[in-house]
Amino acid sequence: MPLLVHPRLDSKPWGGDRLAHFGIALDGKNDIGEAVLTSNDAVVAQGPYAGQTLGDLVARDPETLLGPVARHFRSTGFPLLAKLIDAHENLSIQVHPTDDLAPTDGCGKTEAWFILEAAPGAVVYAGLQDGVSVDVVRKRLESGESIVPLMRTVPVAPGDTLFLPAGTIHALGGGIVLYEIQQQSAITYRLEDWGRAREMHIGVGLAAMNPDLRPEPNHAEMRTPTDRPGPAVHCDFFSLEVLQIGPGEWIEIARESGPQVFTCVRGGTELSTGQGTVALAAGSTAVLFANAGTARISSSTGGRVLRAWIGG
């Protein structure tokens, strides 16, 4: 059955108040950087599992709930971490490790972004300029110089997706609101932080960096009741697609071999399976486990839903 989950709001030094544009209730706060949607400690909002966390549910029956694909992932608990992020200011320049370089009790952090809102001239920093090696980055950091000039500056617009494999040096620029889907990992190695006095992780960050990764944004094609393009993002760890449902329309969702996450970012929708239905207003997220069977997304007024999943 669909499980509606409560978001967790995290204050950040670079956060703002624009997640309210996408249905997140901020209770007057203006420094919210992240609405964490599907962490292991995400709490089920209603139904027979209300008050329990996704991590608790998975721990009791991982074989059934995660299915034949996700149970093999190097992750503890629910394997998909989804967030809404408001970058009022630049985020740190950072690197995430691959599974091979992550601590043995965790996993790496490959992620993808779907841009929801971008101020005029907004950019992300994604990869190093051609010809820049890890040694060049190291020497600049050791001398106390900024590494920003070494990085690629990439303009983005609403509707763009950017796939960031683990090992990519990157930073989210200010003026952007986005949806992020990633491996269930909190490992971030900061290399520079725009003058903020936070801890840096130079040694491990440089060791985790792959200087050959230079991601480019792609504009996501939307799935509608009459058109089904390929996923906006597809990799070994997750897939992502954008569902656009008009008034009175519906889209059938096939059963997957792993869990699925549905986040409404515009309008209002309903997610239904043979076991029940939940309303997904803007800002709401629901989870389907691998045993949920087929599902349907419908809307009486029209809506947009981001669907992330593990499976074929």
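**A strand and a helix in context**

Glu111 stands opposite Gln182 in strand E11; helices (H or I, at least four residues) and strands (E, at least two) are DSSP runs, numbered from the N terminus. The model is predicted, so that local features need pLDDT of at least 70 and side-chain atom pairs count only at pLDDT 80 or more, whereas totals for chains, interfaces and linings use all residues. Residues are numbered from 1 along each chain as its sequence is written, and side-chain values use heavy atoms, with hydrogens and water left out.

Strand E6 (residues 111-118) and E11 (residues 176-183) run antiparallel and are joined by seven bridges; two strands pair if DSSP finds at least two bridges between them. E6 also pairs with strand E9 (residues 160-164), in the antiparallel sense over four bridges, and there Trp113 has Leu162 as its bridge partner. Because six of its eight residues are buried, E6 is largely enclosed by the rest of the structure. Buried means under 20% relative accessible area, exposed over 50%, and partly exposed in between (1.4 Å probe, protein chains only).

In helix H3 (residues 134-142), the buried residues are Val134, Val137 and Leu141. They lie on the same side of H3 because they cover an arc of only 60° around the axis, the arc being that of the directions from the helix axis to the C-beta atoms. These buried residues pack against strand E7 (123-128), strand E12 (189-192) and helix H4 (202-208), where contact means heavy atoms within 4.5 Å. Lys139 and Glu142, on the other side of H3, are exposed. After H3 comes Gly144, with a positive phi near 80°.
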